[in-house]
Amino acid sequence: MTRESMEYDVVIVGAGPAGLSAAIRLKQLGGDDISVVVLEKGSEVGAHILSGAVLDPCALDALIPDWKEKGAPLHTKVEQDRFLVLSETGSKPVPNFIMPPLMNNHGNYIVSMGNVCRWMAEQAEGLGVEVFPGMSCSELVYDENGAVKGVVAGEFGRGRDDKTDGPGYEPGMELHGKYVFLSEGARGSLSKQVVEKFGLDANCDVPKFGIGLKEIWEVKPENHVLGQVTHTSGWPLNSKIGGGSFMYHLENNQVYVGYIIDLNYKNPYLYPYMEFQRWKHHPMIAKVLEGGKRVSYGARVVTKGGFQSIPKTIFPGGALLGCSAGLVNLPRIKGNHNAMYSGKAAAEAAYAAIKAERSSDELTAYDTELRNGPIGKDLKRVRNVAPLNSKFGTTLGGMMLGGMDMWFATIFRFNLFGTLKHGKNDAKSTEEAKNYTKIDYPKPDGVLSFDRLTNVSFSATNHEEEQPCHLKLADADIPILVNLPKWAEPAQRYCPAGVYEILSDDDGSNPRFQINAQNCVHCKTCDIKDPSQNITWTVPEGGGGPNYPNM
């Protein structure tokens, strides 16, 4: 198929903090002499951004030192920082002085990263960056030497049968660049392809993920404590399952509440969404939410592999940025600052290469800076928390041994346990259903807790119906013939949007696997957790998916 093409110096896929930081830094360095385009699959910048978020402004300080004067939406400083271990009815605080200094949130800001990205896009456009939302990047384009030279963006009108001969078909365009930056977030579809094609994961540990679920609540003024940050571990999960919650009080009597569950859980009957809903009924949480209303819901996977799971971040013609490379600091529950740092570093490496009249090669300087600069220093100190968590549980492993390891790294500049391995990937961690009993979750009450499909409506998710299903099965028979008898088909439960169902006749016979792609919030859990690794998430048409207002 022949498509029209446009030429740029740098093509950036994804208008998140990493991609926008790269775009801004490129124009700061090159001005009108360098051309930059940012392609975003969401209907607008920020529509697909979901993060906690408590933002460490260190990278923003480095990128835009006068961000306050420019009106960046960082309005709520952290004033109170709490970590609690929950039982079913009570809680025990962990004193802040026990925590390594890197865990301190004072000086950080409670933000909507969606709004931060909208502001960053304005800064980028003011510098001359072209930002195109509603443009899904469905294919990579390679040059005659096998290097990445661009992407296909803006393809619309494929029919449900995946044919391109319909009257409304638009083939999209090829956008070519001397370098292509992939900043798609965790488990990006193009990033996954380049990792496989170029063997970027040959010398790193397996990637690890968690599923993050979040709601925004408007609460009564007497229940609101501006600037309060609370993290919890413990109930409703047991100590063998990694995960925990957050509750952040920001401006306008709003509270962000969320739950992250590590996707290496073994029990196929675990239902992450219902664990989140159950957590809100804890007396301490319910007291804050009582009399309030939920105004938004969303979900997204987060990377948790840490330093040892970072793949080679460069390939011929481009680089992986931000969560596409897996730069989240797990114990801090922060990755946005590292995403910004990575964008800045990639931009500086690309600009130097372009000035030297290079193109389509590997930006070695970027990968070196990522590992040895602020990102590497941030992640090396905490690299053993996730594997200790998995091996010994959250209390002994993550908190006690992990805390000890972080203290050693802080004081003595080395990790007590060296560098530990993660072991299995998240899909292979799932054990057979015969070893477990079904979990009986309380029915949502419609006040504090909600059924899954009702909550999905608060994500404003929508997809054009007349398009191919973007959730691809390698083998359509596996869900019923393999996953159902062996693992009780966990897709019914791990998906936070009710995309996957097992339907049957009235008498329970004739089970069928149904995919409700319209519900998909683009979290990517299915691409990671399916025990048969049978599902591949691909991009739907541009503009589809959630429309988060201020997540």
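Y366 is in contact (heavy atoms within 4.5 Å) with T313, I314, A319, L320, L321, S342, A345, A346 and A349, leaving aside its neighbours within four places in sequence. The model is predicted, so local features need pLDDT of at least 70 and side-chain atom pairs count only at pLDDT 80 or more, while totals for chains, interfaces and linings use all residues. Residues are numbered from 1 along each chain as its sequence is written, and side-chain values use heavy atoms, with hydrogens and water left out.

**Nonpolar cores**

- A nonpolar core is a set of buried Ala, Val, Leu, Ile, Met, Phe, Trp, Tyr and Cys residues joined through side-chain atoms within 4.5 Å.
- Buried means under 20% relative accessible area, exposed means over 50%, and partly exposed lies in between (1.4 Å probe, protein chains only).
- The largest nonpolar core has 78 residues, and L26, F181 and Y366 touch the most other members.
- Helix α7 (residues 336–355) supplies the largest share of this core, 11 residues; helices (H or I, at least four residues) and strands (E, at least two) are DSSP runs, numbered from the N terminus.
- A second, separate core has 65 residues, including F209, I241, V257 and A299.

**Surface patch**

- F392, L396 and M400 form a nonpolar patch on the surface, and together they have about 290 Å² of accessible area.
- Patches are made of residues with over 30% relative accessible area and no salt bridge, with nonpolar side chains (Val, Leu, Ile, Met, Phe, Trp, Tyr) joined within 5 Å and like charges within 9 Å.
- A salt bridge is a side-chain nitrogen of Lys or Arg within 4 Å of a carboxyl oxygen of Asp or Glu.
- Accessible areas come from the Shrake-Rupley method with a 1.4 Å probe, and for residues only the protein chains shown count as cover.
- L396 is found in helix α11 (residues 394–412), and L396 counts as partly exposed because its relative accessibility is 41%.

**Cysteines**

- A disulfide is a covalent bond between the sulfur atoms of two cysteines.
- Here the rule is a pair of cysteine sulfur atoms within 2.5 Å, and by this rule the count comes to zero disulfides.
- The sulfur of C323 is too far for a bond, because the closest cysteine sulfur, in C117, is 11 Å away.
- C523 is in no disulfide either, and the nearest cysteine sulfur, that of C495, is 5.7 Å away.
- C323 is partly exposed, with a relative accessible area of 26%, whereas C523 counts as buried at 7% relative accessibility.

**D201**

- D201 lies in the loop between α4 (189–197) and β12 (209–218), and D201 is partly exposed, with a relative accessible area of 41%.
- Leaving aside neighbours within four places in sequence, D201 is in contact with V195 and P311.
- D201 and G291 are 90 residues apart in sequence and 49 Å apart in space, C-alpha to C-alpha.
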